[in-house]
Amino acid sequence: MAGSNRTVVSEFLLLGLSDVPENQPLLFSLFLSMYLVAVVGNLLIILAIGSTSHLHTPMYFFVANLSWVDICFTSVTIPKMLLNIQTLSQSISYTGCLTQMYFLILFLELDNVLLAVMAYDRFVAICHPLHYTITMSPKFCITLLSLALIITNIYPLIHTLLMDTLSFCASVRIHHIFCELYALLKLSCSSIHDNELVVYILGSFIFVAPFLFISISYMHIFSAILRLRSSQSKLKAFSTCSSHLVVVSLFYGTLFGVYLRPSSSYTSEDSVATVLYAVVAPMLNPFIYSLRNKDMKGALKSLLSWRKIWSW
């Protein structure tokens, strides 16, 4: 023991969204349903794209990878939450908590970067259609994805290493369904100046820069669409990026509301907002991309047809 109000932390307690025992079965059913919908929905998107030759394009390549990231994103948090509810336990080990935080930030970053890359894909397709095939070559797409995987590992690694240097108070109760960065920082008894510095400087660049890139890309896209002569051409051009716009709005709408402010102002009510981008958004993405896209709907119908299933 380092002092009267400090102790060596071996585990944390994830309090979830409710302390009322009567609410636990409802929460278990609700999050299990959302998890299954998210995993199955995103898996169907990946299979539909992989089994349909005319969807082997840069746009759908990134959609498939976004679906894979969303599956990983929800799998980092919800299974542990469901296990805790089922076993009537709230504990998560110290190592498990930091590991969960690392992968949460990693997949959150990948979501962020992939949305920016997809905006660039739409920019090239609409503003420079004659150069699209050359610019968005398979080699270039794989290079972009590889760079995203490498770069996005740096930020969560720094946060995990810094978090491991902090001392925590006797209270290890996290008012959240997972080990969220700000929730952990509020439990620290030592200075979190370096942690917040990383959030403000590196974090702002990593999350705000892609958002600004997306915004600038769409300014050019809308300008190009408005220059088209026929209404049908404008509608067709806009339809190719409408799904991406909806996903971007859903993702950043909740993300900036939680993280673009000091960790000291973080409250337990913010855990509801983080559930929106960590659980609800990955669950809705497959519906957004399939219901608003004729090619994707056709691929899903073909994938789910009995003839296709039996042919396997």
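Predicted model: local features only at pLDDT ≥ 70, side-chain atom pairs only at ≥ 80, totals over all residues.
Which helix does valine 37 lie in?

1. Numbering runs from 1 along each chain as its sequence is written, and side-chain values use heavy atoms, with hydrogens and water left out.

2. Valine 37 belongs to helix 1 (residues 24-51); helices here are DSSP runs of H or I, at least four residues, numbered from the N terminus. With 32% relative accessibility, valine 37 counts as partly exposed, that is, between buried (under 20% relative accessible area) and exposed (over 50%), using a 1.4 Å probe and protein chains only.

3. Together with Leu284 and Phe287, Val37 makes a nonpolar surface patch of about 210 Å². Such patches take residues with over 30% relative accessible area and no salt bridge, nonpolar side chains being joined within 5 Å.

4. Do look at helix 8 (residues 193-226): its 34 residues should span 50 Å at 1.5 Å a residue, and the end C-alpha atoms, 47 Å apart, agree with this. The expected span is 1.5 Å times one less than the number of residues. Helix 8 also bends by about 40° at glycine 203, the bend being the angle between axes fitted to the seven residues ending there and the seven starting there.

5. One salt bridge turns up in the whole structure, meaning a side-chain nitrogen of Lys or Arg within 4 Å of a carboxyl oxygen of Asp or Glu. Arginine 122 and aspartate 121 form a salt bridge at 2.8 Å, N to O, and both residues are buried.

Conventions
Patch = residues over 30% accessible without salt bridge, like charges linked within 9 Å, V, L, I, M, F, W, Y side chains within 5 Å. Areas by Shrake-Rupley, 256 points an atom, 1.4 Å probe, with all protein chains shown as cover. Helix = DSSP H or I, 4+ residues; strand = E, 2+ residues; numbered from the N terminus.
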